Amino acid sequence: AIMRYYNAGGDPALFLSVESAEDDPAAAVADLERVSTDAGGALHNRVYYIGISCGLSATYIGAQIQHIMNDKRYISCVI
């Protein structure tokens, strides 16, 4: 099993403030696609998505959840 993580603003945001990174829905979907698909765009087997947000107010998480729910390649999304 392979586990990948990512967050709004990338690794620098783990230690420093990356202002407005969580407000970019296009970057959120691009990050999700980057870690959950192979080079040909095929979804990896058994992708489990865990989004963490205070009150689901961050656009970053909301955009990813919406993408998962609308993209037929994903089987389910647990919120």
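Student: What makes Tyr6, Tyr49, Gln64, His67, Ile68 and Tyr74 residues that Leu32 touches?

Tutor: Contact means heavy atoms within 4.5 Å. Leu32 reaches Tyr6, Tyr49, Gln64, His67, Ile68 and Tyr74 in this sense, leaving aside residues up to four places away in sequence. The model is predicted, so local features need pLDDT of at least 70, side-chain atom pairs count only at pLDDT 80 or more, and totals for chains, interfaces and linings use all residues. Residues are numbered from 1 along each chain as its sequence is written, and side-chain values use heavy atoms, with hydrogens and water left out.

Student: Why is Gln64 called buried?

Tutor: Buried means under 20% relative accessible area, computed with a 1.4 Å probe on protein chains only. Gln64 has a relative accessible area of 1% and is therefore buried. Gln64 lies in helix H2, a helix being a DSSP run of H or I with at least four residues, numbered from the N terminus. Beyond four places in sequence, Gln64 touches Tyr6, Ala28, Val29, Asp31, Leu32 and Tyr49.

Student: What makes Ala28, Leu32, Tyr49, Tyr60, Ile61, Ala63, Ile65, Ile68 and Tyr74 a nonpolar core?

Tutor: Such a core is a set of buried Ala, Val, Leu, Ile, Met, Phe, Trp, Tyr and Cys residues joined through side-chain atoms within 4.5 Å. These nine residues make up the largest nonpolar core. The elements giving two or more residues to this core are H1 and H2, and H2 gives the most, with five residues. In soluble globular proteins, nonpolar side chains tend to be buried together.

Note on methods
Buried means under 20% relative accessible area, exposed over 50%, partly exposed in between (1.4 Å probe, protein chains only).
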